[in-house]
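Please keep the sequence and coordinates at hand while reading.

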Amino acid sequence: MKTAEGLKDIIKPENLVYRKSSLITDKPFSYCPGCGHGTTHRIIAEVIEEENLAENTIGVCPVGCSVLMYDFLDLDIQQAAHGRAPAVATAIKRLMPEKFVFTYQGDGDLAAIGTSETIHACNRGENILIVFINNGIYGMTGGQMAPTTLEGMKSSTSPYGRDVKMMGNPLKMTELVAMLPGTCYVTRQSVHTPAAVRKAKKAIKKAVGYQKKGMGTCFIEIVSNCPSGWKMTPVESNKWMEENMFAYYKPGDLKVPAESDADAENKNEQ
Amino acid sequence: MAKVKGSIVVDIEKCKGCELCVVTCPTKTIALAAEVNGKGYHYAYPANPELCIGCTNCATVCPDGVITVYRMKI
């Protein structure tokens, strides 16, 4: 058993290269296997841990799959009424400007029920971070059609596919808020491959920096999968997402702060 | 050239067997077990531990954060 002994030598604290953040509690995530929510929770926890903000962070969770976030992350988290997280986060940030405040919302929450709260918070330029998980479906309630559901995409309330003549076009929230003067950093990321996860983590890290400087609303959309709602295996759903979701929701930065600030940020990173 | 060797530890009871780590592993180290864990999922485990290079790809995509990665130069 030469290999086994060799492996025991490797498993030592000094050789540790990756372990989940200590801000994640021992409670197993309630998400379905392969869901992007878990990955996003993990990277948010990692950024907050690396930036040493655990004691100075307040998260706002709305209604949706992510409602139980307070159970999974060892942070101060406030639950808001459906869609109203940006409004609650506005109040928290204005009363406690020294705290890092973020909201974590799904597409049913942010793009349907809370559209006005989101747009107005972004338009006012509230100094908060909005993390928007877009999986094109109402995942928690059983895969109903959401405003972000793609054209022709089947859901439990559009069994023949979304007909844009009758049900309207998929809503690009991120493009919408990028037009508002209050936002400083608007980007669309995903968490389906290691490279994408690292990029998304970098985006969250940038947003933390911008919030510290008080530059305005940061809006990060994370295009995610919903294996249960889409009725696919996690691997299939990621592939479907790459082929279909990315064609309509193109990943990349939509708005970055003025060049001088962005350059300073890049230099810090290097 | 220094050879890099890695090793992963999977929290079997928390694994949901989504297979995302299996498809991202560049050296085909990980596979899903034939047995199931307490929740009834076929958990991921290092099937070919000697191939692991400790690249952390599996841990980076794991939605449940069940993978811990170790790496050393030999």
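This is a predicted model: local features need pLDDT of at least 70, side-chain atom pairs count only at pLDDT 80 or more; totals for chains, interfaces and linings use all residues.

How many of the 7 residues of β7(A) are buried? The count is 7 of 7, so the strand is largely enclosed by the rest of the structure. The burial concerns both faces of β7(A): A:Thr217, A:Phe219, A:Glu221 and A:Val223 lie on one side, A:Cys218, A:Ile220 and A:Ile222 lie on the other, and all of them are buried. In general, the side chains of a regular strand alternate between the two faces of the sheet.

## The seven-stranded sheet of chain A

These strands belong to an open sheet of 7 strands in chain A, whose order is β3-β2-β4-β5-β7-β6-β8 and whose pairing is mixed. The edges are formed by β3 (76–79) and β8 (252–255) of chain A, each of which pairs on one side only. On average, and with direction ignored, neighbouring strands of this sheet are turned by 20° against each other.

Helix α4(A) packs on the sheet, where it touches β2 (57–61), β3, β4 (100–106) and β5 (129–134) of chain A, and its direction makes about 175° with that of β4(A).

## Helix α4(A) and its neighbours

Six positions of α4(A) can be listed by name as buried, namely A:Ala85, A:Pro86, A:Ala89, A:Thr90, A:Ile92 and A:Lys93. The buried residues of this helix pack against β2, β3, β4, α6, β5 and α9 (194–212) of chain A. As background to reading such a list, an α-helix has 3.6 residues a turn, so residues three or four places apart point the same way.

Two packed helices are described by the angle between their axes and the distance between the axes. For helix α4 (residues 85–95) and helix α6 (residues 115–124) of chain A, the axes come within 8 Å and cross at roughly 35°. On the α4(A) side the contact is made by A:Pro86, A:Ala87, A:Thr90 and A:Arg94, and on the α6(A) side by A:Glu117, A:Thr118, A:Ala121 and A:Arg124. Sorted by class, this contact has 3 nonpolar, 2 polar and 3 charged residues.

In the loop between α4 and β4 of chain A lies A:Met96, which counts as partly exposed at 29% relative accessibility. The C-alpha atom of A:Met96 is separated by 33 Å from that of A:Pro147, although the two residues are 51 residues apart along the chain.

Between the chains, β1(A) pairs with strand β4 (residues 67–73) of chain B in the antiparallel sense over 2 bridges. Here A:Tyr18 stands opposite B:Val69 in β4(B).

## Backbone exceptions in chain B

Two residues of chain B call for attention in their backbone angles. B:Glu19, in the loop between β1 and α1 (20–24) of chain B, has a positive phi of about 80° although it is not a glycine, and this residue is partly exposed, with a relative accessible area of 35%.

B:Lys28, in the loop between α1 and β2 (30–32) of chain B, is likewise not a glycine and has a positive phi of about 55°. With a relative accessibility of 59%, B:Lys28 counts as exposed.

## The largest pocket

The largest pocket holds about 230 Å³ of space. Its lining comprises 17 residues, of which A:Val63, A:Gly64, A:Cys65, A:Gly139 and A:Met140 lie nearest the centre. By class, the lining residues divide into 6 nonpolar, 9 polar and 2 charged. Which helix gives the most to this lining? Helix α5 (residues 107–113) of chain A does, with 3 residues.

Technical notes. Residues are numbered from 1 along each chain as its sequence is written. Chains are lettered from A and ligands numbered from 1 in the order in which they are written. Side-chain values use heavy atoms; hydrogens and water are left out. Two strands pair if DSSP finds at least two bridges between them. Helices (H or I, at least four residues) and strands (E, at least two) are DSSP runs, numbered from the N terminus. On a 1 Å grid over the protein atoms alone, a cavity is a set of points where a 1.4 Å probe fits but cannot get out, and a pocket is an open set with protein on both sides within 12 Å along at least five of seven lines; lining residues have an atom within 4 Å of a point. Grid points are joined across faces, edges and corners, and a volume is the space filled by probe spheres set on the points. Ala, Val, Leu, Ile, Met, Phe, Trp, Tyr, Cys and Pro count as nonpolar, Asp, Glu, Lys and Arg as charged, and the others, Gly among them, as polar. Buried means under 20% relative accessible area, exposed over 50%, partly exposed in between (1.4 Å probe, protein chains only). Axes are lines fitted to C-alpha atoms, for helices over the stretch in contact, and angles run from 0 to 180 degrees between N-to-C directions. Contact means heavy atoms within 4.5 Å.
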